[in-house]
Amino acid sequence: MLALEAPSDNHLQYPLLVPSPHPPAPTRYESQKRRDWNTFGQYLKNHRPPLTLSRCSGAHILEFLRYLDQFGKTKVHTSCCPFFGHPHPPVPCPCPLRQAWGSLDALIGRLRAAFEENGGHPETNPFGSRAVRLYLREVRDSQAKARGIAYEKKKRKKSALPPLKKHQRHAHAREDQPMLFLDHSAS
């Protein structure tokens, strides 16, 4: 039989959490957010005239998003293109390549978070401005039309349990009645 030693006052029962000399690797999201923030910082430095973050407005963010379009890989048909509205054109066309709406939306989300993490106030966040939100909506709608695919919000998944009726939802709040239990085995 083993004898257990009683802990003494100078003996720690729990191990100390010592910080690792190697911090955990940043997540893919964190790495992308840092890259995006650095890219935006470079854009501000190269802007003519140079622009500081504190003077940055929604209009400057739109200018940045339009600048990024030149590096896009999504074919967006113009309204005069014979393939406008067709999701899978049979032959190539000269329509421009643009940034996809989903990429721009994700980028703005990361930059919005990075702005606040770097000391910016949510009320002054240029990435959350009305102009940026309207621009993203316009890009989403125009790209959907150009491809002939209507954008639809993802629908919430319905829960496995049926919705409770009004009297069932509040039955537990009344002390004079027992709580109702629903039998879902017949479903």
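Biologist: Which helices do the buried residues of α2 pack against?

Modeller: This is a predicted model. In it, the buried residues of α2 pack against α1 (28-46), α3 and α4.

Biologist: And which residues of α2 are buried?

Modeller: Helix α2 covers residues 58-68, and its buried residues are G58, H60, I61, L62, F64, L65 and L68.

Biologist: OK, on to α3 and α4. At what angle do their axes cross?

Modeller: Roughly 160 degrees, with the axes of α3 (residues 101-117) and α4 (residues 130-147) coming within 9 Å. Angles over 145 degrees count as roughly antiparallel, so α3 and α4 are roughly antiparallel to each other.

Biologist: Left-handed or right-handed crossing?

Modeller: The crossing of α3 and α4 is left-handed.

Biologist: Which residues make that contact?

Modeller: From α3, W101, L104, D105 and I108; from α4, V132, Y135, L136, V139, R140 and Q143. Sorted by class, the contact of α3 with α4 has seven nonpolar residues, one polar and two charged.

Biologist: Is C95 buried or exposed? And what about C56?

Modeller: C95 is buried, at a relative accessible area of 8%. C56 is buried too, at 9%.

Technical notes. Residues are numbered from 1 along each chain as its sequence is written. This is a predicted model: local features need pLDDT of at least 70, side-chain atom pairs count only at pLDDT 80 or more; totals for chains, interfaces and linings use all residues. Side-chain values use heavy atoms; hydrogens and water are left out. Axes are lines fitted to C-alpha atoms, for helices over the stretch in contact, and angles run from 0 to 180 degrees between N-to-C directions. Helices (H or I, at least four residues) and strands (E, at least two) are DSSP runs, numbered from the N terminus. Angles under 35 degrees count as roughly parallel, over 145 as roughly antiparallel, 65 to 115 as roughly perpendicular and the rest as oblique. A crossing is left-handed if the near helix is turned anticlockwise from the far one by less than a right angle, and right-handed if clockwise. Contact means heavy atoms within 4.5 Å. Ala, Val, Leu, Ile, Met, Phe, Trp, Tyr, Cys and Pro count as nonpolar, Asp, Glu, Lys and Arg as charged, and the others, Gly among them, as polar. Buried means under 20% relative accessible area, exposed over 50%, partly exposed in between (1.4 Å probe, protein chains only).
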